Amino acid sequence: MLASTPAPIHHHRPMTLLSTDLLRAAERYVAAGVSIIPTGVSGDFAKRPHYDALKKTDHCYWDEGEQKWKATFMALRERLPHAVELRAWFEVHRAPGLAMVTGQISGLIALDFDGEAGAALLRQLGWDAHVRTPSGGFHVYCKHPGWPVATLNSTSKKTLPRGLDVRADGGLAMLPPTVTQNGAYERLSATRLLQRRHIPEVIEVDGQTYRLRELLGLDCPPEDRPEPPRAAAQAPVFAAPDREGAHGAQHERIDYQILVEHALRMVDHRGRNDAGFWLCCQLRDNDFSREEALEIGPYWLSLLPLTNTKGRREAYLPAHFEASVRSAYRTVPAGRQSRPWIKGYGRSN
């Protein structure tokens, strides 16, 4: 299936698909250095991970909020599945489909051309597709460049040409010989991987100009891109709450900017995620509502560096802070000692 070495982190061998047996196909993909997961193929679970098969092979975590085990394929973004896992998924649990974990682990990015707009764009680009999807769309496999590349879709990221989705780091792309209720994923005759040098820097689609290679994240490593101007965000202003403190005494609520300043001092050694979660917990413990914490988010993000603790450019998005807010504002377990950083106010002294 793959005629060239798709990634510098694995030794890939050429792969051909000799039968429609899912286990044999899965073994061949893994032998070629492609990480795969089991999937469902119909109803609400079409093209999604096969949650039951994953959970029964210990690919799961305990969700405190929902109080249940939830499936994850996080480990398979870091390593290839073991032979015993493949047998369990496809022989024991009878998973009816399989998908590639795209990105650096597999050495591949799947460019997904969907619908009439996607087919027209593929014709315009003149690339050979590797897979035809049941809906009549196409997947083109591109060699992963070795730096982080985001998974994107044109419906949520309006800067992409219509009909083009990107399955990159952390993404999934359904693989032949999977057959869904809508039809089969069909392997086509293309054997060569698309190289990023073959992706045009600029294209025009429907009268609009797109910097395609840059939009796909394939122009250069993130740390080599010029730093964009930081968006200014105004610090929100809140009315003083008329509330009682933890022990029934009246307290003035601390200025949240004091908490923000302290969290910023933590960023260099603890990272933006940890510092952001600390900030969310302190806002919670100092009697700021969840809605107020979310309002503070854009201001917090505007103050952060664009690099991680290792000095490398790495995205820290509003969604990351919002996830920290959701986690911090869940019900605090009984008996937990939750103390605000500013003593004398909050849940306990």
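A nonpolar core, for this talk, is a set of buried Ala, Val, Leu, Ile, Met, Phe, Trp, Tyr and Cys residues joined through side-chain atoms within 4.5 Å. Keep in mind that this is a predicted model.

Let's start with the core. The largest one here has 31 residues. Six residues have the most contacts inside that core: Ile36, Leu86, Trp89, Phe90, Leu98 and Tyr141. Who supplies the core? At least two residues each come from α1 (22–31), β1 (36–39), α2 (51–55), α3 (83–92), β4 (97–101), β5 (108–113) and β10 (172–174). The largest share is from α1, with six residues.

Next, one histidine. Histidine 139 sits in strand β7, residues 138–143. Is histidine 139 buried or exposed? Its relative accessible area is 6%, so histidine 139 is buried. Look at what surrounds it. Leaving out residues up to four places away in sequence, histidine 139 touches Leu111, Asp112, Ala129, His130, Val131, Thr133, Ala173, Met174 and Tyr185.

Last, a helix pair. Helix α7 covers residues 290–303, and helix α8 covers residues 318–328. They pack at an angle of about 150°, and their axes are 10 Å apart. Over 145 degrees counts as roughly antiparallel, so that is the label for α7 and α8. The crossing of α7 past α8 is right-handed. On the α7 side, the contact uses Arg290, Ala293, Leu294, Gly297, Trp300 and Leu301. On the α8 side, Pro318, Phe321, Glu322, Val325 and Arg326 take part. By class, that contact has seven nonpolar residues, three charged and one polar.

Methods: Residues numbered from 1 in each chain as written. Predicted model: local features only at pLDDT ≥ 70, side-chain atom pairs only at ≥ 80, totals over all residues. Heavy atoms only, no water. Axes fitted to C-alpha atoms, helices over the stretch in contact; angles between N-to-C directions. Helix = DSSP H or I, 4+ residues; strand = E, 2+ residues; numbered from the N terminus. Parallel < 35°, antiparallel > 145°, perpendicular 65-115°, else oblique. Left-handed = near helix turned anticlockwise from the far one by under 90°. Contact = heavy atoms within 4.5 Å. Nonpolar A, V, L, I, M, F, W, Y, C, P; charged D, E, K, R; others polar. Buried < 20%, exposed > 50% of the residue type's maximum accessible area, 1.4 Å probe, protein only.
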